[in-house]
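Subject: Structure handover and findings

Hello,

Here is the structure for your files. Please load it before you read on.

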Amino acid sequence: MPEFRRRYSEDGVDSRHHTATYTFRRGHTKSTGGAVTSDLNQRAFDRTSNEELHWNLPAETEMPSGKAVEILEFLRWYARERLDSRRMDERRSIDLGVVPEFADVGLLGLQVPRRYQGQELSYRDTFRIMEQLAAIDCNLFVMTAVQNAVGIPPIMQHASDRVKADVLPLLAQGKSLTTSAASEPGMGSNLRGMATCATRNRDGSYTINGTKRWISLGAASHYLNVFTRLCDEHGERLGYAGFVVDTTTPGFTAGPELLTLGLKAVPQNILTFKDMRVPADWMLGAEGDGVTAANAAFMLARLVLAAGSVGAMKRSLEVAARYATRRTVATGLLVDNGRTQQVLTEAVAATQAVETLLDHLTSQLDMGEQPPELLYFVAKIIASEEMFTVVDRSLQMLGARGFLDTNIVGPFFRDYRLFRIFEGATEAITVYVGKMIHRNPAGFGEIVHSFPASRQVTDLVDEAASFTALRAVTEQEQHILYNVLGDLLCWSVMAALTSSTATRSEMHAYTAQWCEHKLRQRLTEARRDVGLELPAVSTLLSHIAGYGETIGDVDQRRPDEEHCVDPLLMR
């Protein structure tokens with residue numbers, strides 16, 4: 001770290017001395033981290049006032065704080081000088097120096113208050129750092145995101161003052177890692193389906209029994225937020241509970257590690273709790289209200305995944321554009337091919353659309369306003385789905401080079417695929433969003449009409465909202481209807497929001513048209529889906545079972561590599 005600090009200062013980018021000031025129309029003044037608003041954005045604001053846009057300030061003019069600039073410069077230096085992503089991937093572990101160096105610059109306590117030794121950064125600064133991390137390496141992004149978005153918030157918001165004072169300084173300084181454990185073998189992210197149980201003891205403590213699965217950093221964390229069902233000493237259910245637990249407590253076992261397709265350097269662990277006793281004052285929030293504490297982690301995590309998606313999109317497009325400007329094909333330079341230009345432009349529009357949504361939510365949070373809960377889900381759905389499309393198209397553009405595991409985009413394709421599953425698979429949370437809207441149809445308009453969209457977009461949104469009046473006959477039809485409603489809400493939000501920012505630049509105008517086109521497409525698909533008659537489940541499964549007649553029995557029975565200690569050598 002001292003070597004970095006010397007270079008950082010020598011390069012003249014010390015954030016303490018690297019500021020500039022510029023003035024907005026109507027006298028708004030803002031200190032920046034060394035950059036000024038672009039001409040395109042300035043021209044856009046010359047044409048349209050903030051009041052007309054219902055916007056506080058353009059996101060592009062919100063410059064990172066001095067501390068955020070320092071962290072961003074550190075990450076870029078670390079990527080150039082220290083990082084070997086391929087080695088981490090092959091070894092299935094993060095380099096030993098990452099945690100102390102990340103801790104030293106403040107990356108492991110981004111929003112922890114200063115009184116607990118944290119950086120107390122804004123949401124905008126935090127998400128900008130997460131975007132930067134994702135553009136560098138998915139493993140480093142997830143490690144940092146788990147600490148800051150999944151592990152720390154439940155403690156910061158719901159732990160007792162004593163636990164905060166004991167634990168938060170350790171976490172903020174990187175002396176300990178933390179995560180949250182909610183997912184289980186049989187329920188995934190459905191918190192209300194948890195089987196792990198905490199039983200209240202006569203002395204006021206609790207005993208935890210159960211198993212958690214897919215827990216990032218589960219074996220590496222000293223402190224763990226574990227979410228359970230809550231029962232009294234007679235087995236009667238009392239609701240749900242969350243606890244901060246010290247993983248050195250007897251009864252806790254970490255392992256085995258799950259062998260994943262990508263994101264290999266961040267362990268995904270199975271965790272077991274057997275008669276593990278936890279003091280009463282280490283509970284998160286009120287007894288029986290554990291779901292509230294869990295939401296503190298997973299709602300923020302959905303926005304952090306959106307920020308990471310933006311970083312992955314930008315980096316993938318950067319690599320694809322480099323290739324397109326250098327590769328000659330039958331029609332000339334690849335970038336001069338009309339279809340190539342179309343693919344790149346649509347990918348940039350997708351990136352800018354996600355960025356616009358995230359900027360809107362960030363602005364609300366930093367002003368102390370709480371966005372509608374469903375917008376957290378919209379951000380996660382749109383960001384992860386569009387990100388993977390952009391990464392896939394970038395890989396495709398690279399041709400055979402894209403399929404090489406050494407060419408940046410290939411590992412991105414493996415690693416970032418998980419974002420469509422993290423914090424709720426797209427299909428599951430789209431259905432959930434649709435279900436919530438179906439229960440409260442007025443919520444559709446309340447969310448979408450808060451953006452001053454164009455007349456044609458408003459008409460499309462009204463048509464999308466009309467689907468809330470439909471009723472399904474069977475349970476299966478209901479699931480399809482909920483999925484349609486969730487999808488329509490997502491693209492109604494995107495079309496309305498980008499319509500309200502269309503005057504900012506030529507690219508913003510294209511992004512607005514692209515989102516409007518996507519909403520039109522979704523409406524066409526929605527009309528088809530709600531009238532679709534599916535075959536009986538028995539017919540479907542019987543057809544799939546028939547594949548065995550053509551592909552045969554190919555289940556592999558060769559013994560796997562032995563990982564356990566030989567029984568003759570054990571105690």
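Below is what was found in it, from the whole chain down to single contacts.

**Ground rules**

This is a predicted model: local features need pLDDT of at least 70, side-chain atom pairs count only at pLDDT 80 or more, and totals for chains, interfaces and linings use all residues. Residues are numbered from 1 along each chain as its sequence is written, and side-chain values use heavy atoms, with hydrogens and water left out.

**Overall**

The protein has 20 helices and eleven strands. Helices (H or I, at least four residues) and strands (E, at least two) are DSSP runs, numbered from the N terminus. Of the 571 residues, 52% are buried. Buried means under 20% relative accessible area, exposed means over 50%, and partly exposed is in between (1.4 Å probe, protein chains only). Take the contacts with a separation of 6 or more: residues 24 or more positions apart account for 74% of them. A contact means heavy atoms within 4.5 Å.

**Core**

The largest nonpolar core has 157 residues. Helix α10 (residues 290–324) gives the most to this core, with 21 residues. Such a core is a set of buried Ala, Val, Leu, Ile, Met, Phe, Trp, Tyr and Cys residues joined through side-chain atoms within 4.5 Å. Phe102, Leu107, Ile129, Phe141 and Phe243 have the most contacts inside it. Phe102 is worth a look. Leaving aside neighbours within four places in sequence, its contacts include Phe74, Leu75, Tyr78, Leu107 and Met143. In soluble globular proteins, nonpolar side chains tend to be buried together.

Start with β6 (residues 223–231). Nine of its nine residues are buried, so β6 is largely enclosed by the rest of the structure. Its pairings follow; two strands pair if DSSP finds at least two bridges between them.

- β7 (residues 237–246) runs antiparallel to β6, with nine bridges. Leu224 has Val245 as its bridge partner in β7, and Cys231 stands opposite Arg237.
- β3 pairs with β6 in the parallel sense over four bridges. There, Thr178 stands opposite Tyr223.
- β4 is parallel to β6, joined by three bridges. Ala198 has Leu230 as its bridge partner in β6.

The hairpin of β6 and β7 has five residues between the strands. Gly235 takes a positive phi there, near 85 degrees.

**Salt bridges**

There are 29 salt bridges in the structure. The test is a side-chain nitrogen of Lys or Arg within 4 Å of a carboxyl oxygen of Asp or Glu. Side chains of opposite charge can pair when their charged atoms come close.

Lys212 and Glu184 form one, with the closest N and O atoms 2.7 Å apart. The pair links distant parts of the chain: Lys212 sits in strand β5 (residues 206–216), and Glu184 in the loop between β3 (178–181) and β4 (197–200), 28 residues apart. Are these two buried or exposed? Lys212 is buried, at 0% relative accessible area. Glu184 is buried too, at 6%.

Arg420 and Glu385 form another, at 2.7 Å from N to O. Arg420 lies in the loop between α13 (409–415) and α14 (426–439) and Glu385 in helix α12 (residues 373–397), so the pair ties together parts that are 35 residues apart in sequence. Arg420 is buried at 18%, whereas Glu385 is partly exposed at 22%.

Arg528 bridges to Asp529, with the closest N and O atoms 2.6 Å apart. Asp529 is buried, at 18% relative accessible area. Salt bridges that share partners also join Arg86, Asp89, Glu90, Asp405, Arg414 and Asp415 into one network.

**Helix α14**

The buried residues of α14 include Thr426, Ile429, Val433 and Ile437. Their cover includes α12, α15 (442–448) and α17 (475–499).

**Gln147**

Gln147 is in helix α8 (residues 138–158). It is buried, at 0% relative accessibility. A polar atom of the Gln147 side chain lies 3.1 Å from the backbone oxygen of Leu171. For the backbone oxygen of Ser176, the distance to a polar atom of that side chain is 3.4 Å. Beyond neighbours within four places in sequence, Gln147 is also in contact with residues including Leu108, Leu177 and Thr178.

Regards

Methods:
Polar contact = N/O pair within 3.5 Å; in protein donor to acceptor, adjacent residues only side chain to side chain.
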